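Biologist: I am new to this structure and would like to learn how to read its helices, one feature at a time. Could you take me through it slowly?

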Amino acid sequence: MASLSYMKAIVLLLGILVPAFRITDAQSVGVCYGRNGNNLPSQQATVDLFKANRIEKMRLYHPDQAALQALRGTNIEVILDVPNPDLQSLQDPAAAKTWVQNNIQSYTPGVNFRYIAVGNEVDPSNGGTSQFVNYVLPAMRNVHDAIVAAGLQNQIKVSTATYSGLTTGFPPSKGSFHDNARGFIDPIIQFLAQNNLPLLANIYPYFSYLGTPQGNLDYALFRSPNVVVSDPDSNRQYWHLFDALLDTIYSGVEKSGGPNVEIIVSESGWPSDGDREATVENARTYYQNLITHAKRNGTPKRPDKLVQVYLFAMYDENQKGGSETEKHFGLFDPTSQQSKYQLSF
């Protein structure tokens with residue numbers, strides 16, 4: 001039998017380790033902070049709301065100076081976007097260096113930058129973003145070089161945010177990027193692989209569900225009681241549409257030359273209004289189940305790697321374009337700042 005002092009030491013060690021594991025798990029989930037609304041709380045109030053709800057990661061869609069000031073000293077990890085309209089200016093290495101100086105180095109140390117998303121959902125087949133296709137990779141290279149020159153490459157990783165719409169293939173092991181996107185995305189994936197950088201990806205089971213005739217709602221909401229997809233090529237089984245979408249992108253990344261590139265899910269959410277199955281109850285179910293899944297599991301293709309995911313979005317944004325659902329992805333009411341779903345982070 002072990003001595004009493006030895007047992008006390010073991011208990012003390014477990015007391016130290018268990019909270020550490022909990023902290024690691026909690027850090028797998030963040031929230032996207034958009035500002036396309038005319039009724040939103042201030043940037044300082046929003047950062048305070050992040051802190052009050054123990055949300056430790058934020059995606060910020062442009063270098064909002066008031067938000068960056070409010071983030072000083074909070075240790076909230078930040079994805080900072082280079083908006084698509086700014087990509088062309090960063091074809092100039094000097095301009096990229098200035099962008100990094102103004103928006104990163106001016107707040108470092110103080111703001112805990114983690115990733116820079118150089119462009120969001122640029123797609124050769126999308127008329128709204130296709131004009132940016134030739135700017136993404138040169139801007140990524142120049143911003144990465146500026147980060148290296150500033151000595152911040154071990155802290156801040158440069159990437160771009162793609163989305164499920166660029167991929168095709170079923171089951172997930174057959175996933176690949178669309179043929180007309182390969183010329184755009186393959187060099188990006190290879191650049192990420194060469195520099196040990198992750199890929200950011202926006203994944204929305206809601207839209208995939210809407211686009212599938214007779215779609216399986218339980219599969220999309222993480223509550224299917226049975227395996228829904230069995231992948232005969234890999235012998236993997238899928239209970240959740242989210243996992244299937246993410247693993248499809250992983251397969252595409254592998255085929256494009258990035259077998260070791262990690263994927264960070266830079267957006268995922270479910271609307272509470274505006275279209276079929278966009279209800280408060282379904283949104284609550286999706287967000288809570290996604291948080292639980294991200295804290296405990298990887299995907300069937302990457303079972304040993306917890307999924308890092310950013311929930312979209314902090315607030316309902318009443319000036320957001322697109323379909324009506326785009327205005328109803330918020331986790332918090334912008335007027336009262338109360339949680340819509342009482343989620344636990």
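**Reading the helices**

Modeller: Let us begin with helix H2, whose buried residues pack against strand E1 (29–33), strand E2 (57–60) and helix H3 (65–71). Please keep in mind throughout that this is a predicted model.

Biologist: Which are the buried residues of helix H2, and why do they line one face of the helix?

Modeller: The general idea is that an α-helix has 3.6 residues a turn, so residues three or four places apart point the same way. In this case, helix H2 spans residues 43–52, and its buried residues are Gln43, Thr46, Val47, Leu49 and Phe50. Seen down the axis of H2, these buried residues fall within an arc of 155°, so they line one face of the helix.

Biologist: What follows H2?

Modeller: H2 is followed by Arg54, a residue whose phi is positive, near 55°.

Biologist: How should I read a pair of helices, for example H4 and H5, and at what angle do their axes cross?

Modeller: One looks at the angle between the axes, then at the residues that meet. The axes of helix H4 (residues 93–103) and H5 come within 8 Å and cross at roughly 55°, and H4 and H5 are therefore oblique to each other. Their crossing is right-handed. On the H4 side Pro93, Ala96, Lys97 and Val100 take part, and they meet Asn142, Val143, Ala146 and Ile147 in H5.

Biologist: Are H5 and H6 roughly parallel or oblique to each other?

Modeller: The axes of helix H5 (residues 136–149) and helix H6 (residues 179–194) come within 10 Å and cross at roughly 15°. Angles under 35 degrees count as roughly parallel, and H5 and H6 are therefore roughly parallel to each other. The crossing of H5 and H6 is right-handed. From H5 the contact is made by Val136, Leu137, Met140, Arg141 and His144, and from H6 by Phe184, Pro187, Ile188, Phe191 and Leu192. The residues of this contact of H5 with H6 comprise eight nonpolar, one polar and one charged.

Technical notes:
Residues numbered from 1 in each chain as written. Predicted model: local features only at pLDDT ≥ 70, side-chain atom pairs only at ≥ 80, totals over all residues. Heavy atoms only, no water. Axes fitted to C-alpha atoms, helices over the stretch in contact; angles between N-to-C directions. Helix = DSSP H or I, 4+ residues; strand = E, 2+ residues; numbered from the N terminus. Parallel < 35°, antiparallel > 145°, perpendicular 65-115°, else oblique. Left-handed = near helix turned anticlockwise from the far one by under 90°. Contact = heavy atoms within 4.5 Å. Nonpolar A, V, L, I, M, F, W, Y, C, P; charged D, E, K, R; others polar. Buried < 20%, exposed > 50% of the residue type's maximum accessible area, 1.4 Å probe, protein only. Arc of directions from axis to C-beta.
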